[in-house]
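Here is a report on helix packing, a hairpin and annotated segments. Please read it with the model open.

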Amino acid sequence: MDRFIALLFAGFSTGAVYALVASGIVLVHKASGAVNFAQGDLLTLGAFVYLAFTGAMPPMAAVGLTIVVLFVAGGAIERIVFVPLRDQPRLTVAVATFGIALAIQAGLTVWQGSDPQSVPSAFGHGSVDVFGTPLPVLSLWTILITAIVFAGMYALFQFTQLGRMVRALAADREVAVLYGVPASGLNFLTFGLSGALAALGGVLLGPSIAISPMMGFSIVLFVFAAVTIGGFDSMGGVAASAVVLGVAQQLLTGYVSSAYTNAYPFLVMLALLLVRPTGLARPIAAERF
């Protein structure tokens with residue numbers, strides 16, 4: 001039983017990080033229709049920026065500054081990639097963001113080298129007993145912080161004017177612009193928020209693994225598995241999918257075999273899509289673009 005609880009909470013923690021990164025992809029897609037393949041590498045960048053800041057300031061200050069830096073980086077991607085290619089096919093924009101991902105990987109390799117590095121935790125070390133099972137403090141903080149972030153985003157996009165404008169863009173961009181919705185500013189904001197979410201994911205994930213410049217590629221594959229199941233327009237569906245994939249990955253690794261850890265999320269994705277081809281989200285009647 002102790003092993004099951006430990007694997008379950010490890011899965012919730014892994015799924016929480018996937019959910020943070022995936023929510024950035026959904027947020028950008030809802031506001032602009034773009035698919036950002038650089039999201040996983042923004043997490044990697046966030047982990048390395050946080051590592052650099054921890055040598056010069058207290059850990060919590062490093063967390064806050066890392067989120068600010070990655071917000072700016074996300075907004076910069078919008079100005080560098082999305083704005084010039086706004087009128088081009090969506091596939092062109094997606095390929096351009098993939099180029100940004102490769103550029104981030106190359107830049108991190110030049111800056112930090114290719115060797116894996118350890119990252120200090122801003123949220124403590126050690127473990128606490130939950131139902132008699134020792135669980136890492138960082139995992140519990142990851143789950144709690146992710147829950148708070150998603151509650152905040154739900155309130156922001158359901159009950160504020162900003163949220164109504166983003167939902168208007170998601171429903172019909174042309175009509176929303178005609179009614180005065182500032183699409184350009186909202187695009188910058190959502191790209192920035194996606195970068196901030198990726199930064200938080202990097203801060204939470206980094207201390208539990210050895211980070212390297214290339215880790216963003218595998219992370220973004222897992223994240224797109226969650227987005228495929230949850231739907232590009234459903235924040236709640238993506239969060240649920242990410243947790244399902246994270247828990248399944250940990251349980252299958254613990255009880256079946258660790259040799260296929262990286263394959264389990266995709267096997268679960270295929271199984272779910274065979275049962276429900278539309279994923280967890282409700283089917284969309286028509287294309288928005």
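## Angle classes

Helix angles run from 0 to 180 degrees between N-to-C directions. The model discussed here is predicted.

## Helix α2 against helix α8

Helix α2 covers residues 39-54, and helix α8 covers residues 183-205. The two pack at an angle of about 60°, with their axes 7 Å apart.

On the α2 side, the contact residues are Gln39, Leu42, Leu43, Gly46, Ala47 and Tyr50. On the α8 side, they are Ser194, Gly195, Ala198, Ala199, Gly201, Gly202, Val203 and Leu205. By class, this contact has eight nonpolar residues, six polar residues and no charged ones.

## Helix α2 against helix α9

Helix α9 spans residues 215-230. It packs on α2 at an angle of about 135°, and the axes lie 7 Å apart. The α2 and α9 crossing is right-handed.

Which residues of α2 meet α9? They are Gly40, Asp41, Leu43, Thr44 and Ala47. Their counterparts in α9 are Met215, Gly216, Ile219 and Val220. The contact divides into five nonpolar, three polar and one charged residue. Leu43 and Ala47 of α2 take part in the contact with α8 and also in the contact with α9.

Strand β1 is residues 127-130, and strand β2 is residues 133-136. They pair in the antiparallel sense over four bridges. Aspartate 129 has proline 134 in β2 as its bridge partner.

Two residues sit between the strands of this hairpin. Phenylalanine 131 takes a positive phi there, near 55°.

## Annotated transmembrane regions

An unreviewed UniProt entry lists residues 43-71, 91-111, 138-157, 177-203 and 209-229 under "transmembrane region". How do two of these segments look in the model?

Over residues 91-111 the chain is 100% helix and 0% strand. The end C-alpha atoms of that segment are 30 Å apart. Over residues 209-229 the chain is 71% helix and 0% strand. Its end C-alpha atoms are 26 Å apart.

Methods. Residues numbered from 1 in each chain as written. Predicted model: local features only at pLDDT ≥ 70, side-chain atom pairs only at ≥ 80, totals over all residues. Heavy atoms only, no water. UniProt positions renumbered as here; feature names shortened; annotations may be inferred. Pairing = 2+ DSSP bridges. Contact = heavy atoms within 4.5 Å. Nonpolar A, V, L, I, M, F, W, Y, C, P; charged D, E, K, R; others polar. Left-handed = near helix turned anticlockwise from the far one by under 90°.
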